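I opened the model today and kept notes as I went. The entries follow in the order of my look-ups.

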Amino acid sequence: MEIIHLSAECYPIAKVGGLGDVVGALPKYQTKLGHYAKVVMPAYNNSFLLQNEFEVVYDGWGNLGTRHFPVRIFREKTNKLGFDLYLVHIAGLTDRDKVYGYEDDVERFLAYQIATLDWINQWEHRPDVIHCHDHHTGLVPFMTGNCEKYKDLRNIPTILTIHNAQYQGQFGWDKLHYLPAFDLWRSGLLEWKKDINPLASAIKCAWRVTTVSPSYLEEISYNANGLESLLASERGKSAGILNGIDNEVWDPQKDPMLTKNYAIRTVESGKKANKVALCDVFNLDPAKPLFTFIGRLVGEKGADLLPAIFHNSLAHSYGNINILVLGSGEPDVEEKLVELKEWFPGNYNAYIGYNETLSHQIYAGADFLLMPSRVEPCGLNQLYALRYGTIPIVRRIGGLKDTVVDIGDGGFGICHDQTSVEDVGQAIGRAYDLYQNKKQVKEILKFTMQLDHSWDKAAQQYIDLYQM
Ligand SMILES: Nc1ncnc2c1ncn2[C@@H]1O[C@H](COP(=O)(O)OP(=O)(O)O[C@H]2O[C@H](CO)[C@@H](O)[C@H](O)[C@H]2O)[C@@H](O)[C@H]1O
């Protein structure tokens with residue numbers, strides 16, 4: 001099959017969070033299964049375009065209403081990612097330093113979607129499926145199904161994968177004229193709660209909708225930032241497919257970012273070497289258990305509670321634990337996490353910002369990874385932690401519920417029910433007790449490191465879904 005993945009992120013070209021990881025891996029595994037998977041994404045101002053070999057495959061003009069823009073599409077020539085990569089360059093719109101966060105994000109991502117469809121529209125053949133990821137590509141199913149200009153694309157099946165229903169990309173009707181012409185009586189397909197809502201539109205118009213874990217599919221019927229009733233009514237065409245991880249990128253035996261590589265057999269010495277190096281950089285004591293949090297510092301991840309959770313645990317443990325945070329997000333959370341450094345020097349540290357290398361080093365060097373999420377459609381951090389021999393401490397929600405089993409139930413992680421200071425504090429206490437039992441910890445790590453969360457299975461599940 002020929003599969004076109006459309007996404008705002010794709011690792012290693014541009015990654016803000018888990019979306020990038022998924023779109024950087026799934027097409028590779030689909031290619032390994034014998035399919036022809038392509039990724040078409042915006043061309044940002046980043047080093048990937050400059051440092052790799054590209055050829056121009058399309059030069060044209062696109063429109064956002066009366067505004068014209070030049071479009072140039074580049075193809076990466078060497079297939080170094082294991083799939084075909086296309087970058088859509090729109091001068092003045094896609095070529096920014098960051099992926100998101102600009103006032104004209106609506107225009108930027110709409111121009112990218114229109115330019116991509118204009119290009120596909122003039123191919124001599126049709127792809128077998130267009131797979132859209134999140135709201136930045138959410139108007140594609142509407143446009144292929146309804147815009148006169150794209151009537152030849154009407155029979156191409158479209159799939160929407162919802163990585164996170166919290167973000168929907170809504171904008172006002174004053175921007176309706178940006179879309180290529182369609183019969184106005186169809187505009188209800190764009191609308192949700194009085195706005196044009198790209199995620200809602202994709203849920204209505206895509207041939208199939210997927211979520212990134214089975215539990216999240218259940219949960220969005222009652223918790224989806226306003227889309228609950230729509231998701232419930234479109235349930236018949238929806239499926240929950242659990243994300244995998246790219247075992248080639250996330251492999252403690254080969255990961256070039258680690259201080260020392262290790263396998264299941266050498267997990268104790270390997271993790272110790274990584275922990276010592278990490279503690280050295282962050283002024284922590286490697287003899288004590290190291291707890292960590294890696295991620296976006298936003299409410300859905302429970303990040304607003306982290307300062308209080310850390311303060312309590314550090315104060316109650318009388319200096320017997322270490323905590324290291326890596327993340328960025330809401331400024332007041334960042335500020336409080338930085339302030340804590342003054343309270344607990346030698347036991348606590350935080351790196352505010354995005355640092356891919358450091359994240360790998362922390363998965364390898366930490367003992368426990370905290371994920372007190374309020375919402376977690378799948379979560380990849382816990383899967384990386386399991387593969388690197390770090391015990392996850394997670395709230396029983398979404399994909400966390402589907403992938404982590406509590407030690408009390410014969411499992412390998414620590415689970416708690418609520419995103420609350422008390423629940424997470426208790427979970428840290430349980431982890432501290434577990435840490436004292438070296439034999440049990442070693443058995444757990446040997447078990448988790450051999451768990452198979454690779455993309456092989458899920459890549460095939462998507463293929464099966466495209467063919468249904
Ligand atoms: N400051 C930082 N420095 C370095 N690396 C950092 C970082 N902050 C985060 N990361 C990395 O970003 C990724 C985060 O992935 P997640 O799946 O946990 O979250 P996210 O909420 O972005 O994704 C959404 O999409 C994914 C994919 O479907 C779902 O798993 C998830 O539940 C959903 O919310 C991991 O690779 C993590 O290591």
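**Entry 1: ground rules.** I count a residue as near a molecule or strand if its C-beta atom, placed from the backbone, lies within 6 Å of it. This is a predicted model, so I note that local features need pLDDT of at least 70, side-chain atom pairs count only at pLDDT 80 or more, and totals for chains, interfaces and linings use all residues. Residues are numbered from 1 along each chain as its sequence is written.

**Entry 2: the ligand.** I looked up what surrounds the ligand and found 26 residues. The closest are Gly17, Gly18, His163, Cys378 and Leu380. Helix H1 (18-32), strand S12 (290-297), strand S13 (322-329) and helix H11 (356-365) each give two or more residues to this shell. I take helices (H or I, at least four residues) and strands (E, at least two) as DSSP runs, numbered from the N terminus. H1 supplies the largest share, 4 residues. By class I find 9 nonpolar, 13 polar and 4 charged residues in the shell. Here Ala, Val, Leu, Ile, Met, Phe, Trp, Tyr, Cys and Pro are nonpolar, Asp, Glu, Lys and Arg are charged, and the others, Gly among them, are polar.

**Entry 3: the domains.** I have domain 1 (2-244 + 456-467) and domain 2 (267-449), with bounds from an automatic or database domain assignment. Their C-alpha centres lie 33 Å apart.

Why does the ligand lie between the domains? Domain 1 and domain 2 both give residues to its shell, so it lies between them.

Entry 4: I place Lys15 in the loop between strand S1 (2-6) and H1. Lys15 is partly exposed, with 17 other C-beta atoms within 10 Å. The cut-offs are 20 or more for buried, 12 or fewer for exposed, and partly exposed in between. Leaving aside neighbours within four places in sequence, I find Lys15 in contact with Glu9, Gly20 and Asp21.

**Entry 5: the whole chain.** Buried residues make up 49% of the 468 residues. I count 16 helices and 17 strands.

Conventions
Two residues are in contact if their C-beta atoms, placed from the backbone, lie within 7 Å.
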